[in-house]
There are 2 protein chains.
Amino acid sequence: MAIWRWRDQVWQEYASANVLDRGLQFGDGLFETLRFGADGYCPLAQHHRQRLSNGLQRLQFSDPAIEMTLSAFEQMISTAPANSGAKFIVTRGEAPRGYVIAADVSPNITLVRFEVANVDSTPESNSVHHITAGTNPIRLARQPLLAGIKHLNRLEQVLARQQFQDDWNESVLLDTESNVIEGCMSNVFLYLNDKWLTPYLDQAGIAGVVRDWLLESGLVEEAVIHQSSLVQCEAMIFCNTLSGPRSVQCFDGRSLAIRDEIQDWQEAFNRLYR
Amino acid sequence: MAIWRWRDQVWQEYASANVLDRGLQFGDGLFETLRFGADGYCPLAQHHRQRLSNGLQRLQFSDPAIEMTLSAFEQMISTAPANSGAKFIVTRGEAPRGYVIAADVSPNITLVRFEVANVDSTPESNSVHHITAGTNPIRLARQPLLAGIKHLNRLEQVLARQQFQDDWNESVLLDTESNVIEGCMSNVFLYLNDKWLTPYLDQAGIAGVVRDWLLESGLVEEAVIHQSSLVQCEAMIFCNTLSGPRSVQCFDGRSLAIRDEIQDWQEAFNRLYR
């Protein structure tokens, strides 16, 4: 693992954070978790870029702050080691107490790089993608102003992760009105009435890049999904950028189908990183 | 301003934060903003201590983490300069990516001390406590799991503060179901049908220490308060620990009464700090 800070338009070796960083004081910022392939290329970069840019605008970062952040993002993308992952964090910057955003505040942009295991698509390795999950007791609040973007206010996920049962690899989070929203660390997809569906994320949740990729492919559709669908669905998958599509073979104690197309999706996903 | 970090059971000069602090990554922590009087005493310490302790339990901090945090809190309380303020921040500690809380994580506890103007209760200074406010367009999400405590997920307040009109000193935040909840930086109280009422904070909002002090005194009562009360109330005040009770003389363009008892409350509040 290596840590860098964006300063004077280059990535410099880690300069430590300040406790007056509004990221620490208020969670006032965004992050992206990215994966780079064997050639150091990030195949889903455009989806990350769009979500980051959207998030910066939704949080009303200034134009110079957005420009600076996107410059740092581009340089991170273009200089990644092969088979690596990255966590990119941008905060509003440093300020004394108080929610007011000073006109001269400048973002703090941090990059953590880490290794990711090389893609291996042998049948044996795919079988580890068959996971166990259940319904998480933590409910997500409905806040359309923050839904979809990958902001730094993640206490709900912290609480939800602590509720995992011992044999769970993931869990489904509902919102306070009993709609299915997402997994704790990934997006969720349900096979219902001969279609793959994934929840709308206009009230809660993070719109993941693999979810975008599947939506663009036309393989899945967005829908309002009620909790009751969790006992009716024939199959279920979770996706995120580090592990790709993973089939659920047991959900809340019920056996689910492992549909053939998921192996195709896993292989297509793995090919992106070769 | 001076910054300290709790290490080896004493407050040491500021050691900088780590970007792997879960406070920065997820807002996984709590804070308290305190005020100390002319004798260095914090009259509302017990209310701060209770809220902090409650927050640590609600966020499921470990018993050793709670003990360590409360030790740091007590030492902060007992060594404060006269007429000072303090921001006390506790985060879960440092960890690589991922929401899982490692068994060996240890909290990061930071203290920022700053000066507070001495109390002055001349009529002239009280008149500056007559403020202008309005209804904020940002709505708070309803999340009972996080309501009441002073956690570090404060993006809603950051967004709300940016919506202030030029002449506003404060603003009222509603929740997504149009209930009155609080101010952006303080709690709110409405005089309605010959009573002072303040919203229940079981779905959203931060339960402030001055609010506790007024509730304990029996001068105000908790109630469900709908948005419609904002056009019906005869008077309104905001309270927080740094400024005490402040009367609103104009709300959304409507003139409100400045009730006589508020000057008594301000004087009682100021006496705490002399």
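**Exercise 1. At roughly what angle do the axes of α2(B) and α3(B) cross, and within what distance do they come?** Work out how the two helices are oriented, then look at the residues that meet.

*Solution.* Before we start, keep in mind that this is a predicted model.

Step 1: Two packed helices are described by the angle between their axes and the distance between the axes. For α2(B) and α3(B), the axes cross at roughly 160° and come within 11 Å.

Step 2: Find the residues. From α2(B) come Ala45(B), Arg49(B), Leu52(B), Ser53(B) and Leu56(B), and they meet Ile66(B), Thr69(B), Leu70(B), Phe73(B) and Ile77(B) of α3(B). Sorted by class, the contact of α2(B) with α3(B) has seven nonpolar residues, two polar ones and one charged one.

**Exercise 2. Describe how α2(B) packs with α6(B): what is the angle, and how far apart are the axes?**

*Solution.* Step 1: Helix α2 (residues 45-58) of chain B packs with helix α6 (residues 209-217) of chain B at about 115°, and their axes are 9 Å apart.

Step 1: The range 65 to 115 degrees counts as roughly perpendicular. That is why α2(B) and α6(B) are described as roughly perpendicular to each other.

Step 2: The crossing of α2(B) past α6(B) is right-handed.

Step 3: On the α2(B) side you'll find His47(B), His48(B) and Arg51(B), which meet Val209(B), Asp212(B) and Trp213(B) in α6(B). By class, that contact splits into two nonpolar, two polar and two charged residues.

**Exercise 3. In what order do the five strands of the open sheet in chain B lie?** Then place a helix on the sheet.

*Solution.* Step 1: Reading across the sheet, you get β2-β1-β5-β4-β3 (chain B), with antiparallel pairing.

Step 1: Look at the edges. In chain B, β2 (10-13) and β3 (29-35) each pair on one side only, so they're the edge strands by definition.

Step 2: Zoom in on one pair. Strand β1 (residues 2-7) of chain B and strand β5 (residues 108-115) of chain B run antiparallel and are joined by four bridges. Here Ile3(B) stands opposite Val112(B) in β5(B).

**Exercise 4. How many residues of chain B are in contact with chain A, and which element supplies the largest share?**

*Solution.* Step 1: Count both sides: 41 residues of chain B are in contact with 42 residues of chain A.

Step 1: Name the elements. On the chain B side, α1 (22-26), β4 and α5 (155-161) each supply at least two residues. The largest share, five residues, comes from α5(B).

Step 2: Sort by class: the side of chain B that touches chain A has 21 nonpolar, 13 polar and seven charged residues.

**Exercise 5. Into which domains is chain A divided, and how far apart are their centres?**

*Solution.* Step 1: Chain A has domain 1 (2-115) and domain 2 (123-272).

Step 1: Taken over C-alpha atoms, the centres of domain 1 and domain 2 of chain A are separated by 26 Å.

Notes. Residues numbered from 1 in each chain as written. Chains lettered and ligands numbered in written order. Predicted model: local features only at pLDDT ≥ 70, side-chain atom pairs only at ≥ 80, totals over all residues. Pairing = 2+ DSSP bridges. Axes fitted to C-alpha atoms, helices over the stretch in contact; angles between N-to-C directions. Parallel < 35°, antiparallel > 145°, perpendicular 65-115°, else oblique. Left-handed = near helix turned anticlockwise from the far one by under 90°. Contact = placed C-beta atoms within 7 Å. Nonpolar A, V, L, I, M, F, W, Y, C, P; charged D, E, K, R; others polar. Domains from an automatic or database assignment.
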